[in-house]
Amino acid sequence: MDMRTSNAADAATAENDIIIEAWNTVLFDKFSRFKHLLVEGLSGHSDEALSRHPHPRGTRVLDVGCGFGDSTLRIAKSVGPEGRAVGVDCAHNFVDAATREAAQARVGNATFFVADVQWDDLGGPYDRAFARFGTMFFNMPGAAMRNIRKALVPGGEFTMIVWRRREDNPWLHAAELRVKEIVPVVSHEDTDQVHCGPGPFSMSGPDMVSDILRSAGFDRITFERFDTDICIGRDLDEAIQFAMALGPAGEIIRLAGEEGVRLTDQVMDALRETLGAYVRSNGVWAPSSTWFVSARNP
Ligand SMILES: C[S@@+](CC[C@H](N)C(=O)[O-])C[C@H]1O[C@@H](n2cnc3c(N)ncnc32)[C@H](O)[C@@H]1O
(Lines give C-alpha, C1' and ligand atoms only; values in the text may rest on other atoms or scores of the structure.)
Protein backbone atom coordinates (compact mmCIF):
# COMPACT_ATOMS: atom_id res chain seq x y z
CA MET A 1 0.00 0.00 0.00
CA ASP A 2 1.52 3.38 -0.94
CA MET A 3 1.55 6.31 1.49
CA ARG A 4 -1.41 8.08 -0.16
CA THR A 5 -3.62 4.96 -0.01
CA SER A 6 -2.55 4.29 3.54
CA ASN A 7 -3.37 7.87 4.63
CA ALA A 8 -6.77 7.68 2.92
CA ALA A 9 -7.49 4.34 4.63
CA ASP A 10 -6.42 5.75 8.02
CA ALA A 11 -8.67 8.77 7.53
CA ALA A 12 -11.64 6.54 6.57
CA THR A 13 -11.03 4.34 9.64
CA ALA A 14 -10.81 7.36 11.95
CA GLU A 15 -14.03 8.77 10.45
CA ASN A 16 -15.73 5.42 10.90
CA ASP A 17 -14.68 5.23 14.57
CA ILE A 18 -16.23 8.67 15.10
CA ILE A 19 -19.53 7.55 13.54
CA ILE A 20 -19.69 4.35 15.62
CA GLU A 21 -18.91 6.33 18.77
CA ALA A 22 -21.77 8.72 17.93
CA TRP A 23 -24.28 5.85 17.54
CA ASN A 24 -23.11 4.31 20.81
CA THR A 25 -23.36 7.52 22.84
CA VAL A 26 -25.15 10.74 21.95
CA LEU A 27 -27.40 9.23 19.25
CA PHE A 28 -28.25 6.16 21.35
CA ASP A 29 -29.31 8.51 24.18
CA LYS A 30 -31.44 10.64 21.86
CA PHE A 31 -33.02 7.62 20.17
CA SER A 32 -33.82 6.18 23.62
CA ARG A 33 -35.46 9.45 24.69
CA PHE A 34 -37.73 9.50 21.63
CA LYS A 35 -38.06 5.74 21.17
CA HIS A 36 -41.87 5.87 21.57
CA LEU A 37 -42.14 8.18 18.53
CA LEU A 38 -39.40 6.58 16.43
CA VAL A 39 -40.50 2.95 16.73
CA GLU A 40 -44.10 3.87 15.95
CA GLY A 41 -43.25 6.28 13.12
CA LEU A 42 -40.60 4.16 11.41
CA SER A 43 -42.80 1.05 11.69
CA GLY A 44 -45.30 2.72 9.37
CA HIS A 45 -42.71 2.27 6.63
CA SER A 46 -41.44 -1.19 7.63
CA ASP A 47 -44.96 -2.63 8.07
CA GLU A 48 -45.71 -1.70 4.46
CA ALA A 49 -42.31 -2.91 3.15
CA LEU A 50 -42.61 -6.23 4.98
CA SER A 51 -46.13 -6.78 3.69
CA ARG A 52 -45.01 -6.08 0.11
CA HIS A 53 -41.87 -8.24 0.55
CA PRO A 54 -42.90 -10.93 3.05
CA HIS A 55 -40.37 -13.41 4.40
CA PRO A 56 -41.61 -17.00 3.94
CA ARG A 57 -41.65 -19.26 7.00
CA GLY A 58 -38.33 -20.92 7.65
CA THR A 59 -36.33 -18.05 6.12
CA ARG A 60 -33.03 -16.86 7.62
CA VAL A 61 -33.02 -13.04 7.61
CA LEU A 62 -30.30 -10.50 8.47
CA ASP A 63 -31.61 -7.14 9.78
CA VAL A 64 -28.92 -4.56 8.95
CA GLY A 65 -28.39 -1.63 11.36
CA CYS A 66 -31.16 -3.06 13.55
CA GLY A 67 -31.15 -0.39 16.29
CA PHE A 68 -33.57 -1.40 19.06
CA GLY A 69 -34.45 -4.51 17.04
CA ASP A 70 -38.22 -4.08 16.86
CA SER A 71 -38.14 -4.85 13.12
CA THR A 72 -35.97 -7.92 13.84
CA LEU A 73 -38.57 -9.20 16.30
CA ARG A 74 -41.34 -8.66 13.78
CA ILE A 75 -39.36 -10.61 11.17
CA ALA A 76 -38.63 -13.39 13.70
CA LYS A 77 -42.36 -13.83 14.28
CA SER A 78 -43.14 -13.94 10.57
CA VAL A 79 -40.50 -16.58 9.72
CA GLY A 80 -41.70 -18.86 12.53
CA PRO A 81 -39.64 -21.07 14.86
CA GLU A 82 -38.01 -22.89 11.93
CA GLY A 83 -36.67 -19.55 10.61
CA ARG A 84 -34.21 -17.10 12.13
CA ALA A 85 -33.92 -13.31 12.39
CA VAL A 86 -30.47 -11.90 13.12
CA GLY A 87 -30.02 -8.22 13.93
CA VAL A 88 -26.63 -6.58 13.46
CA ASP A 89 -25.57 -3.12 14.61
CA CYS A 90 -22.25 -1.36 15.13
CA ALA A 91 -23.38 0.08 18.48
CA HIS A 92 -23.28 -2.36 21.39
CA ASN A 93 -25.79 -0.23 23.33
CA PHE A 94 -28.45 -0.88 20.66
CA VAL A 95 -27.55 -4.58 20.49
CA ASP A 96 -27.78 -4.92 24.30
CA ALA A 97 -31.19 -3.19 24.31
CA ALA A 98 -32.45 -5.39 21.44
CA THR A 99 -31.21 -8.57 23.14
CA ARG A 100 -33.04 -7.61 26.36
CA GLU A 101 -36.28 -6.91 24.46
CA ALA A 102 -36.14 -10.24 22.63
CA ALA A 103 -35.70 -12.05 25.96
CA GLN A 104 -38.57 -10.10 27.56
CA ALA A 105 -40.83 -10.82 24.57
CA ARG A 106 -39.71 -14.49 24.65
CA VAL A 107 -38.82 -14.48 20.98
CA GLY A 108 -36.38 -17.38 20.79
CA ASN A 109 -35.45 -17.20 17.09
CA ALA A 110 -34.11 -13.60 17.16
CA THR A 111 -30.47 -12.99 17.95
CA PHE A 112 -28.30 -9.88 17.77
CA PHE A 113 -24.60 -9.18 17.36
CA VAL A 114 -22.26 -6.20 17.17
CA ALA A 115 -20.44 -5.69 13.87
CA ASP A 116 -19.49 -2.99 11.43
CA VAL A 117 -21.55 -3.96 8.38
CA GLN A 118 -18.93 -2.46 6.08
CA TRP A 119 -16.03 -4.69 7.06
CA ASP A 120 -16.88 -7.38 9.60
CA ASP A 121 -17.95 -10.97 9.05
CA LEU A 122 -21.77 -10.98 9.00
CA GLY A 123 -22.16 -14.74 9.49
CA GLY A 124 -24.81 -16.37 7.35
CA PRO A 125 -25.53 -17.42 4.76
CA TYR A 126 -28.89 -15.66 4.93
CA ASP A 127 -31.84 -16.14 2.56
CA ARG A 128 -32.77 -12.48 2.83
CA ALA A 129 -31.38 -9.23 4.20
CA PHE A 130 -33.49 -6.30 5.33
CA ALA A 131 -32.67 -2.79 6.55
CA ARG A 132 -34.99 -0.12 7.92
CA PHE A 133 -33.03 3.12 7.75
CA GLY A 134 -29.89 1.18 8.71
CA THR A 135 -27.82 1.85 5.59
CA MET A 136 -27.62 5.63 5.15
CA PHE A 137 -24.89 6.26 7.69
CA PHE A 138 -22.03 4.21 6.23
CA ASN A 139 -18.99 6.22 5.22
CA MET A 140 -18.09 3.40 2.78
CA PRO A 141 -21.52 2.32 1.41
CA GLY A 142 -20.02 0.31 -1.47
CA ALA A 143 -18.07 -1.86 0.97
CA ALA A 144 -21.19 -2.35 3.09
CA MET A 145 -23.34 -3.42 0.12
CA ARG A 146 -20.68 -5.87 -1.06
CA ASN A 147 -20.43 -7.35 2.43
CA ILE A 148 -24.21 -7.73 2.72
CA ARG A 149 -24.39 -9.41 -0.70
CA LYS A 150 -21.62 -11.85 0.25
CA ALA A 151 -23.63 -12.90 3.32
CA LEU A 152 -26.64 -13.86 1.13
CA VAL A 153 -27.28 -17.18 -0.59
CA PRO A 154 -27.32 -17.06 -4.43
CA GLY A 155 -30.73 -15.67 -5.36
CA GLY A 156 -31.10 -14.04 -1.92
CA GLU A 157 -32.92 -10.71 -1.85
CA PHE A 158 -31.94 -7.55 0.02
CA THR A 159 -34.65 -4.97 0.77
CA MET A 160 -33.73 -1.66 2.36
CA ILE A 161 -35.92 1.26 3.33
CA VAL A 162 -34.28 4.66 2.82
CA TRP A 163 -35.62 8.21 2.91
CA ARG A 164 -36.47 9.83 -0.41
CA ARG A 165 -35.50 13.45 -1.05
CA ARG A 166 -35.64 15.99 1.77
CA GLU A 167 -38.38 18.07 0.12
CA ASP A 168 -40.84 15.15 0.47
CA ASN A 169 -39.88 14.60 4.12
CA PRO A 170 -41.10 17.67 6.01
CA TRP A 171 -41.15 15.60 9.22
CA LEU A 172 -37.36 16.25 9.28
CA HIS A 173 -36.76 18.88 6.62
CA ALA A 174 -39.20 21.57 7.78
CA ALA A 175 -37.23 21.95 11.03
CA GLU A 176 -33.89 21.70 9.22
CA LEU A 177 -34.76 24.64 6.93
CA ARG A 178 -35.86 26.78 9.86
CA VAL A 179 -32.84 25.95 12.04
CA LYS A 180 -30.43 26.67 9.16
CA GLU A 181 -31.80 30.23 8.99
CA ILE A 182 -30.75 30.79 12.62
CA VAL A 183 -27.84 28.51 13.57
CA PRO A 184 -24.52 28.54 11.68
CA VAL A 185 -23.86 25.14 10.08
CA VAL A 186 -20.61 23.47 11.22
CA SER A 187 -19.37 20.81 8.79
CA HIS A 188 -18.13 17.43 10.01
CA GLU A 189 -14.59 18.37 8.96
CA ASP A 190 -14.64 21.49 11.15
CA THR A 191 -15.55 19.86 14.43
CA ASP A 192 -14.00 17.28 16.73
CA GLN A 193 -17.46 16.22 17.96
CA VAL A 194 -18.77 12.80 17.03
CA HIS A 195 -21.36 12.75 14.23
CA CYS A 196 -23.82 10.37 12.58
CA GLY A 197 -22.03 9.94 9.22
CA PRO A 198 -23.42 10.83 5.78
CA GLY A 199 -26.96 11.35 7.13
CA PRO A 200 -30.56 10.28 6.57
CA PHE A 201 -30.84 11.52 2.97
CA SER A 202 -27.59 10.04 1.67
CA MET A 203 -29.44 7.28 -0.21
CA SER A 204 -32.31 9.33 -1.59
CA GLY A 205 -31.03 9.34 -5.19
CA PRO A 206 -31.97 6.19 -7.16
CA ASP A 207 -29.24 6.66 -9.79
CA MET A 208 -26.46 6.80 -7.25
CA VAL A 209 -27.91 4.01 -5.07
CA SER A 210 -28.51 1.67 -8.00
CA ASP A 211 -24.92 2.29 -9.17
CA ILE A 212 -23.59 1.38 -5.72
CA LEU A 213 -25.71 -1.79 -5.66
CA ARG A 214 -24.65 -2.82 -9.17
CA SER A 215 -20.99 -2.21 -8.36
CA ALA A 216 -21.44 -4.36 -5.26
CA GLY A 217 -22.63 -7.21 -7.51
CA PHE A 218 -26.42 -7.03 -7.03
CA ASP A 219 -28.88 -7.31 -9.92
CA ARG A 220 -32.68 -6.91 -10.36
CA ILE A 221 -32.63 -3.54 -8.58
CA THR A 222 -36.04 -1.93 -8.04
CA PHE A 223 -37.31 1.19 -6.28
CA GLU A 224 -40.85 1.52 -4.90
CA ARG A 225 -42.07 4.78 -3.41
CA PHE A 226 -44.10 4.87 -0.20
CA ASP A 227 -45.59 7.92 1.54
CA THR A 228 -47.12 8.17 4.99
CA ASP A 229 -47.45 10.75 7.77
CA ILE A 230 -45.34 10.34 10.91
CA CYS A 231 -46.20 11.51 14.43
CA ILE A 232 -43.31 13.74 15.55
CA GLY A 233 -44.79 14.67 18.92
CA ARG A 234 -47.80 13.97 21.10
CA ASP A 235 -48.06 17.76 21.34
CA LEU A 236 -46.26 20.79 19.90
CA ASP A 237 -43.78 21.04 22.80
CA GLU A 238 -42.67 17.46 22.25
CA ALA A 239 -42.39 18.00 18.47
CA ILE A 240 -40.09 20.98 19.11
CA GLN A 241 -37.93 18.92 21.48
CA PHE A 242 -37.84 16.08 18.95
CA ALA A 243 -36.71 18.41 16.13
CA MET A 244 -34.09 20.04 18.34
CA ALA A 245 -32.61 16.66 19.28
CA LEU A 246 -32.80 14.49 16.17
CA GLY A 247 -32.40 14.55 12.41
CA PRO A 248 -30.46 17.20 10.49
CA ALA A 249 -31.91 20.05 12.63
CA GLY A 250 -30.78 18.38 15.86
CA GLU A 251 -27.33 17.69 14.42
CA ILE A 252 -26.91 21.32 13.29
CA ILE A 253 -27.78 22.57 16.79
CA ARG A 254 -25.52 20.03 18.55
CA LEU A 255 -22.52 20.60 16.27
CA ALA A 256 -22.85 24.38 16.70
CA GLY A 257 -21.89 23.83 20.37
CA GLU A 258 -22.19 26.93 22.57
CA GLU A 259 -23.65 28.96 19.72
CA GLY A 260 -26.41 26.36 19.36
CA VAL A 261 -27.17 26.68 23.09
CA ARG A 262 -27.14 30.49 22.94
CA LEU A 263 -29.70 30.47 20.11
CA THR A 264 -32.08 28.00 21.80
CA ASP A 265 -34.92 30.46 22.50
CA GLN A 266 -34.85 31.85 18.97
CA VAL A 267 -34.86 28.33 17.49
CA MET A 268 -37.76 27.25 19.73
CA ASP A 269 -39.87 30.23 18.66
CA ALA A 270 -39.19 29.54 14.99
CA LEU A 271 -39.97 25.82 15.35
CA ARG A 272 -43.18 26.58 17.24
CA GLU A 273 -44.34 28.59 14.23
CA THR A 274 -43.16 26.07 11.59
CA LEU A 275 -44.26 22.85 13.30
CA GLY A 276 -47.51 24.45 14.43
CA ALA A 277 -48.73 23.93 10.87
CA TYR A 278 -48.69 20.16 11.45
CA VAL A 279 -50.70 20.02 14.69
CA ARG A 280 -53.78 17.76 14.69
CA SER A 281 -56.16 16.75 17.45
CA ASN A 282 -54.09 13.59 18.10
CA GLY A 283 -50.57 15.01 17.95
CA VAL A 284 -48.19 16.58 15.44
CA TRP A 285 -48.06 14.70 12.13
CA ALA A 286 -45.92 15.49 9.10
CA PRO A 287 -45.46 13.81 5.71
CA SER A 288 -42.61 11.37 5.11
CA SER A 289 -41.54 9.49 2.00
CA THR A 290 -39.28 6.49 1.39
CA TRP A 291 -37.89 4.16 -1.23
CA PHE A 292 -38.17 0.43 -0.72
CA VAL A 293 -35.05 -0.63 -2.60
CA SER A 294 -34.79 -4.30 -3.52
CA ALA A 295 -31.85 -6.09 -5.09
CA ARG A 296 -30.86 -9.73 -5.69
CA ASN A 297 -27.59 -11.54 -5.14
CA PRO A 298 -27.32 -13.29 -8.55
C1 LIG B 1 -31.41 5.43 11.97
S2 LIG B 1 -30.85 4.08 12.91
C3 LIG B 1 -32.03 2.84 12.40
C4 LIG B 1 -32.20 1.77 13.42
C5 LIG B 1 -33.33 0.76 13.13
N6 LIG B 1 -33.11 0.00 11.92
C7 LIG B 1 -34.68 1.46 13.08
O8 LIG B 1 -35.26 1.56 12.00
O9 LIG B 1 -35.14 1.90 14.14
C10 LIG B 1 -29.37 3.55 12.06
C11 LIG B 1 -28.70 2.37 12.73
O12 LIG B 1 -27.59 1.96 11.91
C13 LIG B 1 -26.53 1.60 12.77
N14 LIG B 1 -25.26 1.72 12.01
C15 LIG B 1 -24.67 2.84 11.54
N16 LIG B 1 -23.51 2.54 10.92
C17 LIG B 1 -23.36 1.20 11.01
C18 LIG B 1 -22.34 0.28 10.59
N19 LIG B 1 -21.25 0.70 9.95
N20 LIG B 1 -22.51 -1.03 10.85
C21 LIG B 1 -23.62 -1.47 11.53
N22 LIG B 1 -24.59 -0.66 11.96
C23 LIG B 1 -24.49 0.67 11.70
C24 LIG B 1 -26.63 2.59 13.93
O25 LIG B 1 -25.96 2.18 15.10
C26 LIG B 1 -28.16 2.68 14.12
O27 LIG B 1 -28.64 1.74 15.04
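Mentor: Let's begin with H9 and helix H10, which covers residues 247–255: the two pack at an angle of about 65°, and their axes are 5 Å apart. On the H9 side, Ala243, Met244 and Ala245 make the contact, and they meet Gly247, Ala249, Gly250 and Ile253 of H10. Sorted by class, that contact has 5 nonpolar residues, 2 polar ones and no charged ones. Keep in mind as we go that this is a predicted model.

H9, which runs over residues 236–245, has another partner in helix H12, residues 264–276. Here the angle is about 115° and the axes lie 10 Å apart. The crossing of H9 with H12 is right-handed. From H9, the residues that take part are Leu236, Ala239, Ile240, Ala243 and Met244, while H12 brings in Val267, Met268, Leu271, Arg272, Leu275 and Gly276. In this contact you'll find 9 nonpolar residues, 1 polar and 1 charged.

Pro125 sits in the loop that links strand E3 (110–114) to strand E4 (126–132).

Further on, past E4, comes Phe133, in the loop that leads from E4 to helix H6 (141–150). Phe133 isn't a glycine, yet its phi is positive, near 55°. Is Phe133 buried or exposed? Phe133 counts as buried, because it has 20 C-beta neighbours inside 10 Å, and 20 or more is what that label takes.

Arg106 also has a positive phi, about 55°, without being a glycine. Arg106 belongs to the loop between helix H5 (92–104) and E3.

One last stop is the ligand. It is surrounded by 20 residues, and the closest are Trp23, Gly65, Gly67, Cys90 and Val117. By class, that shell splits into 12 nonpolar, 5 polar and 3 charged residues.

Methods:
Residues are numbered from 1 along each chain as its sequence is written. This is a predicted model: local features need pLDDT of at least 70, side-chain atom pairs count only at pLDDT 80 or more; totals for chains, interfaces and linings use all residues. A residue is near a molecule or strand if its C-beta atom, placed from the backbone, lies within 6 Å of it. Ala, Val, Leu, Ile, Met, Phe, Trp, Tyr, Cys and Pro count as nonpolar, Asp, Glu, Lys and Arg as charged, and the others, Gly among them, as polar. Axes are lines fitted to C-alpha atoms, for helices over the stretch in contact, and angles run from 0 to 180 degrees between N-to-C directions. Helices (H or I, at least four residues) and strands (E, at least two) are DSSP runs, numbered from the N terminus. A crossing is left-handed if the near helix is turned anticlockwise from the far one by less than a right angle, and right-handed if clockwise. Two residues are in contact if their C-beta atoms, placed from the backbone, lie within 7 Å. A residue is buried if 20 or more other C-beta atoms lie within 10 Å of its own, exposed if 12 or fewer, and partly exposed in between; C-beta atoms are placed from the backbone.
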